[in-house]
Amino acid sequence: MDILKFINSNAIRNHLKKINYQFTTLEAAWLIYHSYNHSVYEKFDAYEQLIQFF
């Protein structure tokens with residue numbers, strides 16, 4: 001799952017992608033929760049993937 005798509009800022013998203021930052025489970029859950037670009041249904045699907053992945 002590409003957790004970077006849940007980051008609201010393009011600049012931060014690009015920087016983290018550039019340095020190949022690896023998110024912890026807690027960080028990924030926080031990013032999903034705080035994303036304002038995704039619907040509740042998209043967030044729910046992301047949480048399900050997060051649970052299966054980690």
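**A pocket and a helix pair**

Visitor: How many residues in the lining of the largest pocket are nonpolar?
Guide: The lining has two polar and two charged residues. Nonpolar covers Ala, Val, Leu, Ile, Met, Phe, Trp, Tyr, Cys and Pro, charged covers Asp, Glu, Lys and Arg, and the others, Gly among them, are polar. The nonpolar residues number 10.

Visitor: What kind of model is this?
Guide: Residues are numbered from 1 along each chain as its sequence is written, and side-chain values use heavy atoms, leaving out hydrogens and water. Local features need pLDDT of at least 70 and side-chain atom pairs pLDDT 80 or more, while totals for chains, interfaces and linings use all residues, as this model is predicted.

Visitor: Which helices each supply at least two residues of that lining?
Guide: Helices are DSSP runs (H or I, at least four residues), numbered from the N terminus. A pocket is an open set of points on a 1 Å grid over the protein atoms alone, where a 1.4 Å probe fits, with protein on both sides within 12 Å along at least five of seven lines; lining residues have an atom within 4 Å of a point. The helices are α1 and α3.

Visitor: Which way does α2 run relative to α3?
Guide: Their axes (lines fitted to C-alpha atoms over the stretch in contact) are 10 Å apart. The angle, taken between N-to-C directions from 0 to 180 degrees, is about 170°. Angles over 145 degrees count as roughly antiparallel, so α2 and α3 are roughly antiparallel.

Note on methods:
Parallel < 35°, antiparallel > 145°, perpendicular 65-115°, else oblique.
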